[in-house]
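Reader: I've never read a structure like this before. Could you walk me through a few features?

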Amino acid sequence: MDPPLFFSRAMASIYNLFIINKSGGLIYYKDYGSTAKLDTNDSLRLASLWHSMHAISKQLSPTPGCTGIELLQATAFDLHCFQSLTETKFFVVAESGAIGIEALLKTIYELYTDYVLKNPFYEVEMPIRCELFDLHLARLILRDKSVLV
Amino acid sequence: MRCLYIFNRNGMCLHYHVWLRSLMTLSPQQDQKLMFGMLFSLNSFTAKIDPVSSGKENNPPCSFYSFRTNTYKLHFMETASGIKIILLTDPRIGDLREALMHIYSNIYVEYVVKNPLYSPGQPFRCELFNMALDHYVKTLQ
């Protein structure tokens with residue numbers, strides 16, 4: 001049963017997904033097909049690095065009201081980041097030029113609020129270990145992937 | 001078009017040009033140092049998080065060329081000699097990689113590097129460079 005309110009159809013697959021908490025700690029990491037799988041230490045390090053970069057980018061803004069990096073474009077990939085009002089950041093590494101990733105991130109955020117935050121055994125800001133979240137997330141991502149095949 | 005930074009390999013800001021900037025959170029020196037540091041870290045972050053690297057490094061490591069926030073978009077280019085050109089613009093602007101290349105090869109190299117009075121590695125102030133830059137930037141808007 002998929003209750004996403006946003007109908008998201010990402011037109012290209014994502015390589016991996018990170019979720020970091022307000023203080024920059026990695027609470028969820030899932031790899032969906034990058035050639036170089038990151039081990040735990042690396043993923044933790046990169047997540048903290050991204051958290052700092054996100055914060056510094058706010059300082060360098062030439063106009064007031066900056067909320068941080070939303071899209072980072074590189075030669076081999078694009079990185080999309082969504083920050084919730086509670087400063088939890090969801091970011092995905094996707095193919096260059098992928099569309100629909102913002103909607104995908106919002107859907108992931110909804111799954112997060114439904115299956116993680118509403119889980120009475122989950123402590124906020126801790127690593128996510130919720131089966132239903134994993135299940136629905138896998139279904140969401142693989143459904144989008146199977147569209148391309 | 002908001003502002004432009006040019007850094008050399010050692011992190012020294014060779015040029016800082018501002019067109020429209022309503023907020024400067026830090027002093028110019030701190031701002032430049034922070035900018036350089038952040039770009040350096042972002043480059044190593046990009047190389048590490050690259051999902052398609054073959055791991056053998058026979059091709060050049062992946063580097064980022066732009067990032068966008070809700071208030072600005074930053075465009076970045078690094079040349080082989082370590083000169084980094086950064087442009088901060090409105091977030092709706094598209095890809096400016098060719099423009100940065102043009103700024104480097106036709107404006108920076110022409111008016112600064114070829115200037116016999118300029119010693120490399122020092123901040124420069126060159127009227128011809130400023131004029132050419134302003135003129136080129138106007139054509140982009």
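Author: Happy to, and keep in mind that this is a predicted model. Let's start on the surface: Y111(B), L128(B) and M131(B) form a nonpolar patch there, with about 290 Å² of accessible area together.

Reader: Is M131(B) buried or exposed, and why?

Author: The idea is to look at relative accessible area: over 50% counts as exposed. M131(B) has 52%, so this residue is exposed. As for its place in the fold, M131(B) sits in helix α3 of chain B.

Reader: Now the sheet. What holds strands together in general?

Author: Strands of a sheet pair through backbone hydrogen bonds, either parallel or antiparallel. Here, 10 strands make an open sheet with antiparallel pairing, in the order β2(A)-β1(A)-β5(A)-β4(A)-β3(A)-β3(B)-β4(B)-β5(B)-β1(B)-β2(B). At the edges you'll find β2 (26-31) of chain A and β2 (13-18) of chain B, each pairing on one side only. From one strand to the next, the twist averages 10°.

Reader: And what does helix α3 of chain B touch on the sheet?

Author: That helix, residues 127-140, packs on the sheet and touches β1 (3-7) and β2 of chain B; its direction makes about 50° with that of β2(B).

Reader: How many helices and strands does chain A have?

Author: Three helices and five strands. Starting at the N terminus, they run β-β-α-β-β-β-α-α. Of the 149 residues in chain A, 50% count as buried.

How values were computed: Residues numbered from 1 in each chain as written. Chains lettered and ligands numbered in written order. Predicted model: local features only at pLDDT ≥ 70, side-chain atom pairs only at ≥ 80, totals over all residues. Heavy atoms only, no water. Pairing = 2+ DSSP bridges. Helix = DSSP H or I, 4+ residues; strand = E, 2+ residues; numbered from the N terminus. Axes fitted to C-alpha atoms, helices over the stretch in contact; angles between N-to-C directions. Contact = heavy atoms within 4.5 Å. Patch = residues over 30% accessible without salt bridge, like charges linked within 9 Å, V, L, I, M, F, W, Y side chains within 5 Å. Areas by Shrake-Rupley, 256 points an atom, 1.4 Å probe, with all protein chains shown as cover. Salt bridge = Lys/Arg side-chain N within 4 Å of Asp/Glu carboxyl O. Buried < 20%, exposed > 50% of the residue type's maximum accessible area, 1.4 Å probe, protein only.
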